[in-house]
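Welcome! Take a moment to look over the chain below, and then let us walk through it together.

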Amino acid sequence: QVQVVESGGGLVQAGGSLRLSCAASGRTFRSYAMGWFRQAPGKEREFVAAIDWSGGRTAYADSVKGRFAISRDNAKNTVYLQMNSLKPDDTAVYYCAVDFLGRAVVAAREYEYWGQGTQVTVSS
């Protein structure tokens, strides 16, 4: 069992920035791929960004490419999502997820463990 805890969400104005953090338990964190997903009320959960076990491969949804950046610090068992130029459409609960196989993939079904989410609200 891997524990996953997101933090850093909040309320910001359009054009502002937030940095989300995701801390995951496990001595083998460095072998995990990590992903960020988001879900707005009444909508399906959607892929945001992912990073592979080495940090050498990343993937982004088209809607956030150029604005968001995913990174990881294996010494801290933590992955980050830097979100810039935020838009009201970015408003959602953001979830962090773990893939033990170490792949940076976009499909939610590939991830084994999930956090509880952190709310991001962007006002216009």
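## Strands from end to end

Helices (H or I, at least four residues) and strands (E, at least two) are DSSP runs, numbered from the N terminus. Read that way, the elements of this chain run β-β-β-β-β-β-β-β-β-β-β. That gives 11 strands and zero helices.

A word on the source: this is a predicted model, in which local features need pLDDT of at least 70 and side-chain atom pairs count only at pLDDT 80 or more, while totals for chains, interfaces and linings use all residues. Residues are numbered from 1 along each chain as its sequence is written, and side-chain values use heavy atoms, with hydrogens and water left out.

## Overall dimensions

How far does the C-alpha trace span along its principal axes? The spans are about 40 × 25 × 25 Å. The radius of gyration, taken over C-alpha atoms, is compared with a globule rule of 2.2 Å times the number of residues to the power 0.38. For 124 residues a compact globule would come out near 14 Å, so the chain's 13 Å agrees.

Of the 124 residues, 45% count as buried; buried means under 20% relative accessible area, exposed over 50%, and partly exposed in between (1.4 Å probe, protein chains only). Contact means heavy atoms within 4.5 Å. Among contacts between residues at least 6 apart in sequence, 58% join residues at least 24 apart.

## The nonpolar core

In soluble globular proteins, nonpolar side chains tend to be buried together. A nonpolar core here is a set of buried Ala, Val, Leu, Ile, Met, Phe, Trp, Tyr and Cys residues joined through side-chain atoms within 4.5 Å. The largest one in this model has 37 residues, and M34, W36, L81, M83 and Y94 have the most contacts inside it. Strands giving two or more residues to this core include β3 (18-24), β5 (46-51) and β8 (78-83).

Which residues does M83 touch, leaving out those up to four places away in sequence? Among them are L18, L20, F68, Y94 and V120.

V48 lies in strand β5 and is buried, with a relative accessible area of 0%. Beyond its neighbours within four places in sequence, V48 is in contact with residues including W36, F68, L81 and Y94. V48 and A69 are 21 residues apart in sequence, and their C-alpha atoms are 9.9 Å apart in space.

S21 has its place in strand β3. Why does S21 count as buried? Because its relative accessibility is 17%, under the 20% limit. Not counting residues up to four places away in sequence, S21 touches V5, E6, S7, W36, T78, V79 and Y80.
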